Amino acid sequence: QVQLVESGGGLVQAGGSLRLSCAASGSIASINTMGWYRQAPGKQRELVATITSDGTTNYGDYVKGRFTISRDNAKNTVYLQMNSLKPEDTADYYCYADVRRSKWSPWMGYWGKGTPVTVSS
């Protein structure tokens with residue numbers, strides 16, 4: 001099995017910062033893309049940012065210039081530094097990873113259970 005565990009969410013005032021972490025563990029041979037998605041109440045889940053194993057990043061337009069994604073391949077961990085937070089960033093933030101459990105296995109996507117981020121005005 002593969003588990004993704006997020007941490008670092010919480011309550012912050014507008015303009016503040018938070019750093020999310022997500023550690024992947026279990027039967028893992030390799031990880032390709034890792035990323036963060038978010039879902040606000042009553043809305044669809046949306047892309048926040050992704051990063052490939054070689055460091056190529058992609059961001060949702062609404063977080064460009066404010067959020068930074070990074071990863072530590074040795075620790076199977078992805079981070080999301082969130083600065084200049086706005087009330088509209090309030091959502092549950094989910095970690096995602098494309099994982100291969102052995103060199104013969106197909107790539108499969110896994111999700112964490114989410115961590116809440118609340119930005120007060």
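## A buried threonine

Threonine 33 counts as buried because its relative accessibility is 17%, where buried means under 20% relative accessible area, exposed over 50% and partly exposed in between (1.4 Å probe, protein chains only). This is a predicted model, in which local features need pLDDT of at least 70, side-chain atom pairs count only at pLDDT 80 or more, and totals for chains, interfaces and linings use all residues. Residues are numbered from 1 along each chain as its sequence is written, and side-chain values use heavy atoms, with hydrogens and water left out.

You will find threonine 33 in strand E4; helices (H or I, at least four residues) and strands (E, at least two) are DSSP runs, numbered from the N terminus. Setting aside residues up to four places away in sequence, threonine 33 touches Thr50, Ile51, Thr52, Arg71, Tyr96, Ala97 and Asp98, with contact meaning heavy atoms within 4.5 Å.

## The nonpolar core

Now look at the largest nonpolar core, which has 29 residues. Such a core is a set of buried Ala, Val, Leu, Ile, Met, Phe, Trp, Tyr and Cys residues joined through side-chain atoms within 4.5 Å. Trp36, Leu80, Met82 and Tyr93 have the most contacts inside this core. E9 gives the most to it, with five residues.

Beyond its neighbours within four places in sequence, tyrosine 93 is in contact with residues including Trp36, Leu80 and Met82.

## Two loop residues

Asparagine 76 sits in the loop between E7 and E8. Its phi is positive, near 50°, in a residue other than glycine. Asparagine 76 counts as partly exposed because its relative accessibility is 24%.

Serine 84 belongs to the loop between E8 and E9. Serine 84 is not a glycine, yet has a positive phi of about 50°.
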